[in-house]
Every structure is written in C-alpha cells, then in structure tokens.
Amino acid sequence: MITEPIIQPGDLFATANQCLLAPHQIDTAGLQKVFGQMLTHHVEYADLYFQYSRSEGWALEEGIVKSGTFNIDQGVGVRAVSGDKTAFAYSDDISMPALASAAEATRAIARTGVGQSVQAVRRSKGRELYLPQDPIASLKDTDKVALLEKLEGYARAVDKRIIQVMASLAGEYEVVLVARSDGLLAADVRPLVRISVQVIAEENGKREQGVAGGGGRFDYAYFTDEVLRDYAEKAVHQAIVNLNAKPAPAGTMTVVLGAGWPGILLHEAIGHGLEGDFNRKGSSAFSGRIGERVAAAGVTVVDDGTLARRRGSLNIDDEGNPTQCTVLIENGILKGYLQDSLNARLMNVPVTGNGRRESFAHIPMPRMTNTYMLNGDKSPEEIIASVKHGLYAVNFGGGQVDITSGKFVFSAAEAYMIEDGKISYPVKGATLIGNGPDILTRVSMIGNDMSLDPGVGTCGKEGQSVPVGVGQPTLRIDGLTVGGTG
C-alpha cells in the first residue's frame, strides 16, 4: 500500500493554498482586488469558489477489467448576487486575468447605487468530520483491481446460481476554497469512495439481479474482507429472493418500510419539498406551513451534515458555512427548511449550511446532506406482528417525485407479503404510489432501529448531482397505494 503523510485538519488552508492559489500566483490581496472590482456597483454579495478534483473509476465484469477512468479537473466559479438575481461565470483557468474577466461578466446584474467596501479576510473554522486523505493514492492500481476481483469471488461463492458478477469502484479527492466578499475564507479537503456489486442469478431459465455496496468519506482501507463479504451476501440474497418471488398484489394496504436505505422515499417525497428555494417561490407542498402539523405524532425528521465520515457530510458547505443538524419536522410539526445564503436572506431566516453545488461550474442551491427520521419506541418485530395483511418493503430501486404536488412512485427491489403478523412470501414488481405530505400523516408505528444507508446515494436537482445520505427506522404506514403485477 502507498502511504502519504497525513495532513491534519488545521492544514486545510495550507493545502488549499498550495493546490489552488500559489501555483497561479494568487494571494488574498489579489482576491480582495477581484471583490473590489465586483463591488464598485451595487452588488450585495459575491463569492469565489475554487476547486481541484481528481477522480477515478474501475469496473470489473466476468473477471475482466471493462473500464478504468481517471480525471483531473480544476477551476473557479464567480458569483454576484443583487436582490433575488444571481450572475454567475466560471473558468477552468485559475489566474488573475480569468478572475478579472469573470468578475466583469457578473457585474451585468448590478443595480446602480453606492459601492461597498471590501472587508478584511477572516478564516472560517469548519468541522473536522473526516481526514483530508487522498483515497486515489491510498492503493496501487493493481490492488484496486484485486479488490474488485476479491468482491467478485465472494459473490460467486455465496450461491452456485450466480452466473454473472459486475463490480465497480470509484474514488475522488477534492480540494475547495471559498472566498467571500464579507471577508470569509473557508477551505476543505474532501475524500470520497464507493464500491458496488451487481449479481445475476439464474434458476430454471429465470434470471433476477441483486445490487449492494457502500462507501463514505475515507480511503479504500475501509473495504476490508468483512465489508466486501457483507456486500456480496446482500446482493446475492436480493437476487435469490426475487428468483422465488411471486407477483405483487395491487391495492390499498398497510406497508411496512424497512430501516436504512428505504429512507430514500423520505428523501425524495419529503426532503426536496423542504428545500428553501422551492418554499420561497411557493412551489412546494410545504410552502407557508411552518408551525403546522404535517406529520403524525412521533415523526421527527432532520438533515444532518455533521455525521463523521458519511457520504453526505461536509465540513463546510459550498458557500463556506459550517454544516449543521437541522430539525425539519419535530413530533409531526414543521419547524423549518433547508437554506443556502441567498434563500435564507430573502426569507429572513438563518443559513443552515445547505448551500451545495456539483462543481465550480455550477451555482449553489439548497440541497440535502444526510436526511433521516429519528427513532420511535417500537421494535421491528412489534411492527410486523401488528399487520394483518400488508407489504414489507425492505429495499428500494428507483423512484420519481413531483415537488409541487408531492406525488411519488417508488419501486421495491426486495419485498414480502405480511399475513397474520408474519412475513410470508417474497413478491416482485411492487410499486408504492402516494403523496409525500400525505404519507407522513399515515405513519402509525415508528421503530427503534434507525439506521443509515450504506453510503451509495447521489441526488439530482436541476441538472446537478451531489452525494447524499438517507436513513430511517422501520415504519408502519397505513392505507398506502401499492401497484403490483399480480
């Protein structure tokens, strides 16, 4: 294994400076000069977002390396805000002339008025949620392929009905520096890794697939033999269960959602509707409902960007603000929304550290980090035993949601029928159909087994993708519409 000196969190500014500013002869005086150029007209706020990233991806299929990619990207995004208007320009050339050119382009939105003075630089101390490691350098390329070969071997060893295995690995090392017109300077070094395995099982001419994996903000050393075996067993289990599954019945019924990854339904059907921009514009089903009951008693939902080493966590958001744990719904009452600086200012509420962007070439907007529901007081066994006839959805595949109406459709990747309080037989083809705000009011039992997803989530919004986390305890939801094939 290749080892590198561990950079302590206190050296984040030094790392960002060495990576993003010094090679291009840019210093804080130069940054202040750029802001001075932007603020000669009435621009209320401006920021510069510098980013350097290295990323890789490896894919193994049938024991053969099917693809290997490696990318290096860097650049700077320049943003100016006036009222509710935003001007944005970006460049993959980090230099003073490029910054000056981008700054000039953003002045198009400036209203006539008195300019502002440039404030002195002050450094922001973010959180220390993960080590600033470079996962790409943590393992030789040959060892990365060997890791995938080992994962494939574990999957094939679980069950002789596995006829095909596809394994993939991805890693990213990212350095960001945020400079703001209010004088704040913030830096972060962000590692991110992920491994996935997909298997296909065949029996009597019938084929089914299973998928598993995980990751987070650490290096490849996390993927021990024990972790890889767990991924392999979960993927194979899902495929074998579906080989024996019957067509899912359709109708309105009680649905029990499993703990962990099924929180993706919470993320899609509810989480997006609680983002500040949708609520400021009045386009969310939750707009104007702060202080109202929007969920059953006992339902508490938070967005927490401060969980150590989690995929959705950040030391600082992409506007330089420290992340935090924001209570969105408390005991069924709507408490607040997720905010970036623009929407927080326009709505006259505090920033929540949820300003996120895909890269330097994108503007920030309110986005989720790790969104999950807190524990209740029921055991999963109690919840299952309480159901006379219903569906137990353990794992989810894809889904769609309409932010304005809150309507959603989700497909279950692994599900079972519940009969007389017991799990009876597996079913396939089940889809959950409902309305986000409505589903919260139908929660009748909340488990005490809250868990987070294994670290695989990616969220899309307005063409931008960012890593996120989800989670929940086992939930009983009454009167949910199930679409089926039986």
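Student: Helices are DSSP runs of H or I with at least four residues and strands are runs of E with at least two, numbered from the N terminus. Which of these elements each supply at least two residues of the lining of the second largest pocket?

Tutor: Bearing in mind that this is a predicted model, the elements that each supply at least two lining residues there are β1 (45-61), β2 (64-82), β5 (162-180), β6 and β23 (464-467). The largest share comes from β1, which contributes five residues to the lining of that pocket.

Student: What volume does the second largest pocket have, and which residues lie nearest its centre?

Tutor: Its volume is about 660 Å³, and 29 residues line it, with Glu172, Leu192, Glu358, Ser465 and Pro467 lying nearest the centre. Sorted by class, the lining of this second largest pocket consists of eight nonpolar, nine polar and twelve charged residues.

Student: And how much space lies in the largest pocket?

Tutor: About 1000 Å³ lies in the largest pocket, and of the 44 residues that line it, those closest to its centre are Val211, Ala212, Trp261, Asn395 and Pro454.

Student: Which element gives the most to that lining?

Tutor: Helix α5 does, with eight residues in the lining of the largest pocket. At least two lining residues also come from each of several strands, among them β6 (184-203), β7 (206-216), β16 (389-401) and β17 (407-419). By class, the lining of the largest pocket has 21 nonpolar, 14 polar and nine charged residues.

Student: Changing topic to charges: how many salt bridges does a search of the whole structure find?

Tutor: The search finds 26 salt bridges. One of them pairs Arg54 with Asp134, where the closest N and O atoms are 2.0 Å apart. This pair links distant parts of the chain, since Arg54 belongs to strand β1 and Asp134 to the loop between β4 and α4, 80 residues apart.

Student: Are Arg54 and Asp134 buried or exposed?

Tutor: Both of them are buried. For Asp134 the relative accessibility is 10%, and the cut-off for a buried residue is under 20%, which means that Asp134 counts as buried.

Student: From which residue does a backbone nitrogen lie 3.1 Å from a polar atom of the side chain of Asp134?

Tutor: That backbone nitrogen belongs to Ile136, while Asp134 itself sits in the loop that runs between β4 (122-123) and α4 (141-158).

Student: With which residue does Asp318 form a salt bridge?

Tutor: Asp318 forms a salt bridge with Arg190, and the closest N and O atoms are 2.8 Å apart. Here too the pair links distant parts of the chain, with Asp318 in the loop between β10 (301-304) and β11 (325-330) and Arg190 in strand β6, 128 residues apart. Asp318 counts as buried because its relative accessibility is 2%, and Arg190 counts as buried at 3%. Salt bridges that share partners join Glu174, Asp188, Arg190 and Asp318 into one network.

Student: How many disulfides does the count come to?

Tutor: The count comes to zero disulfides. Cys325 is in no disulfide, and the nearest cysteine sulfur, which belongs to Cys459, is 18 Å away. A pair of cysteine sulfur atoms has to be within 2.5 Å to count as a disulfide. Cys325 is partly exposed, with a relative accessible area of 40%.

Student: Last topic, the backbone: what is phi of Gln25, and what is phi of Asn204?

Tutor: Phi of Gln25 is near 55 degrees, a positive value in a residue other than glycine, and phi of Asn204 is likewise near 55 degrees. Gln25 lies in the loop between α1 (12-21) and α2 (28-38), whereas Asn204 is found in the loop between β6 and β7. Gln25 counts as exposed because its relative accessibility is 66%, and Asn204 counts as exposed at 81%.

Technical notes. Residues are numbered from 1 along each chain as its sequence is written. This is a predicted model: local features need pLDDT of at least 70, side-chain atom pairs count only at pLDDT 80 or more; totals for chains, interfaces and linings use all residues. Side-chain values use heavy atoms; hydrogens and water are left out. Buried means under 20% relative accessible area, exposed over 50%, partly exposed in between (1.4 Å probe, protein chains only). A polar contact is a pair of N or O atoms within 3.5 Å; within protein, one must be able to donate a hydrogen and the other to accept it, and residues adjacent in sequence count only if both atoms are side-chain atoms. On a 1 Å grid over the protein atoms alone, a cavity is a set of points where a 1.4 Å probe fits but cannot get out, and a pocket is an open set with protein on both sides within 12 Å along at least five of seven lines; lining residues have an atom within 4 Å of a point. Grid points are joined across faces, edges and corners, and a volume is the space filled by probe spheres set on the points. Ala, Val, Leu, Ile, Met, Phe, Trp, Tyr, Cys and Pro count as nonpolar, Asp, Glu, Lys and Arg as charged, and the others, Gly among them, as polar. A salt bridge is a side-chain nitrogen of Lys or Arg within 4 Å of a carboxyl oxygen of Asp or Glu.
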